[in-house]
Amino acid sequence: MKNSFSSLRLNLATTSLDWVMEHTIKHSLSLKNAVTLDELQPHNVPQSPIETLYIHIPFCHTLCRFCSFHKVKFNEHIAREYFQALRQEIRAVLTQGYRFNRVYIGGGTTTILEDELINTIEMIKSLTSVREVSCESDPIYFKEGNPHLLKGLVDRMSIGIQSFDDKILKASGRFEKFGSGLQQAEYVSRAIEVIPTVNVDMMYGFNIQTPETIANDLAQTIRLHPDQITTYPLTIGIGKNSKKAACLAGQANELWPQFLAVKKAMSEHYVMEFPWTFSRNYGKPVKNKYVLDGEDCFGVGSGAFGRFGEQFRISSFDIPDYINRINAGHTGTCYTKPLEKKALLQHHLMMMMGHGVLDNKLLKNHTGYSLWQAFPIEMTYLLSAGALIKQGDQYHTNTQGQFIALKMFSGFLAGMDYLREQAREFPLSMQNSPSSYRG
Ligand SMILES: C[S@@+](CC[C@H](N)C(=O)[O-])C[C@H]1O[C@@H](n2cnc3c(N)ncnc32)[C@H](O)[C@@H]1O
Ligand code: SF4
């Protein structure tokens, strides 16, 4: 009886959270007040390094049905032109005096042109003293490429597998290019031999998954011994891709038992960093862990977002337009938007929930507000949903709280999707952009 009451309470809480998040996203991530920007602003260069330089590579061998990231089907000629422009943009940013602690190269598929990726990382390493380089890749690179060439250049590689179940690979459009689950397991093992830190991305929330098949999938992943495993809840988003993704998704109420299955499957050999990222708990400590720290981030490349200070920055989503901008001596960032204090605080709340601790003192040091001053409605909601346990000046998330954090993270992914959707509609910033390149 007690169990069915708490699951009803959680169900009500997550349904209302979905509704609130959709409204919050539409309000705080609207790009209606974005302004154009053509030159880097030297007076804006911060004194200390920005935590992350984010580099976007928007090309893929195949376009998966669930994916709403910014990418187009690979074309070698365009991709080579793109990498050249990208290096030019990075050089310009460094010449302006921007400094970074680490580099995250995301996509799309960053390994799609190995020589270009290597040139880009080598250039960055020759001009900066970044402490860590992370990349994202599809699994087929570890069959068709030469990953040993990345030794000394890439510290952490995140490989998208999603599932070892061939039915899911076929339904999402990945089987044909990346092979069967069994073959992909072999590619992950090859990656683990050469890359210092390997993360495997898995997904759940597909309509043909059950808690049992998810547990099976994760058991196969765990047997490969990756350093980290990220378990993404399938997020439908609000953009053009959402219909395709929705056809693959299960019912909203199936996610809770699936999350419990994920937690249980991971509990023996992995520790939860966030309700969606786990690190192995055996062997030497994991280096170059993925950490969601909310630090500032500067984005370069087409389709990159950046946030530093209280500004949100958006680059051109049209690849030829981006290349033309760079060749004409402009910045890759073409729009900026001021971020409201409320939106920044809400991002902070999502991160504290992800970390599992809401700490009054830390929040006050960071923002000047206590938990109840910053989040009166949110705290009432979280306590009435039974998601938090009070311990002195802190609140800790329990399993329900972790699930709410996961839903917040999924809302964050949907928010990014909403931003991409709006940014794609922006007018081209350069004249004469040949639209034949567009994906
Ligand atoms: C941008 S992809 C890059 C990885 C690489 N291209 C690959 O798929 O093999 C990074 C990860 O985002 C996750 N992802 C993509 N679309 C998603 C969606 N709609 N909902 C949740 N996670 C998603 C997938 O797990 C994917 O591996
Ligand atoms: S999931 Fe990866 S490979 Fe598939 S379309 Fe998205 S970025 Fe490309």
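**Ligands, rings and backbone**

Guide: Let's start with ligand 1: 19 residues surround it, and the closest are F66, Q162, R174, D201 and T235. Keep in mind that this is a predicted model.

Visitor: Which atoms of ligand 1 does a backbone N or O atom of F66 lie by, and how far away?

Guide: A nitrogen atom of ligand 1, at 2.8 Å from a backbone N or O atom of F66. T235 also uses a backbone N or O atom, 2.9 Å from a nitrogen atom of the ligand.

Visitor: And what does D201 bring to ligand 1?

Guide: A polar side-chain atom, which lies 2.8 Å from an oxygen atom of ligand 1.

Visitor: Okay, what residues are around ligand 2?

Guide: Around ligand 2 you'll find C60, T62, L63, C64, F66, C67, K71, G108 and R174. That shell splits into 5 nonpolar, 2 polar and 2 charged residues.

Visitor: Back to Q162. Where does it lie, and is it buried or exposed?

Guide: Q162 is in strand β7, residues 156-162. It counts as buried because its relative accessibility is 9%.

Visitor: Which peptide bond is cis?

Guide: The one from G107 to G108, with omega near 15°. G108 is in the loop between β5 (100-107) and α3, and G108 is also one of the residues around ligand 2.

Visitor: Switching to aromatics. How many aromatic pairs are there?

Guide: The count is 21 aromatic pairs, taking ring centres within 6.5 Å. F59 and Y82 make an edge-to-face pair, 5.4 Å centre to centre with 80° between the planes. F59 belongs to strand β3 (residues 59-60) and Y82 to helix α2 (residues 76-95), so this pair ties together parts 23 residues apart in sequence. Both F59 and Y82 are buried.

Another edge-to-face pair is Y141 with F142, at 5.1 Å centre to centre and 80° between the planes. Both Y141 and F142 are buried.

Visitor: Which rings are linked into a cluster?

Guide: Y232, F274, W276, F409 and F412, joined through ring pairs.

Visitor: Which charges lie over the face of a ring?

Guide: K170 lies over the face of F175, 4.6 Å from the ring centre. R420 does likewise over F69, at 4.7 Å.

Visitor: New topic: where is R131 found, and is it buried or exposed?

Guide: R131 is in the loop between α3 (114-127) and β6 (132-137). R131 counts as exposed because its relative accessibility is 52%, over the 50% cut-off.

Visitor: What does R131 touch, leaving out residues up to four places away in sequence?

Guide: E51, N101, R102 and D155. With E51 there is a side-chain to side-chain polar contact of 3.0 Å.

Visitor: Last one, S410. Where does it lie, and what does it touch?

Guide: S410 lies in helix α16, residues 399-424. Not counting residues up to four places away in sequence, S410 touches P233 and T235. S410 is buried, with a relative accessible area of 16%.

Technical notes. Residues are numbered from 1 along each chain as its sequence is written. Chains are lettered from A and ligands numbered from 1 in the order in which they are written. This is a predicted model: local features need pLDDT of at least 70, side-chain atom pairs count only at pLDDT 80 or more; totals for chains, interfaces and linings use all residues. Side-chain values use heavy atoms; hydrogens and water are left out. A residue is near a molecule or strand if one of its heavy atoms lies within 4 Å of it. Ala, Val, Leu, Ile, Met, Phe, Trp, Tyr, Cys and Pro count as nonpolar, Asp, Glu, Lys and Arg as charged, and the others, Gly among them, as polar. Helices (H or I, at least four residues) and strands (E, at least two) are DSSP runs, numbered from the N terminus. Buried means under 20% relative accessible area, exposed over 50%, partly exposed in between (1.4 Å probe, protein chains only). Contact means heavy atoms within 4.5 Å. A polar contact is a pair of N or O atoms within 3.5 Å; within protein, one must be able to donate a hydrogen and the other to accept it, and residues adjacent in sequence count only if both atoms are side-chain atoms. Rings of Phe, Tyr and Trp (its six-membered ring) pair if their centres lie within 6.5 Å; planes under 30 degrees apart count as stacked, over 60 as edge-to-face and the rest as tilted. A charge sits over a ring if NZ of Lys or CZ of Arg is within 6 Å of the ring centre and within 35 degrees of the ring normal.
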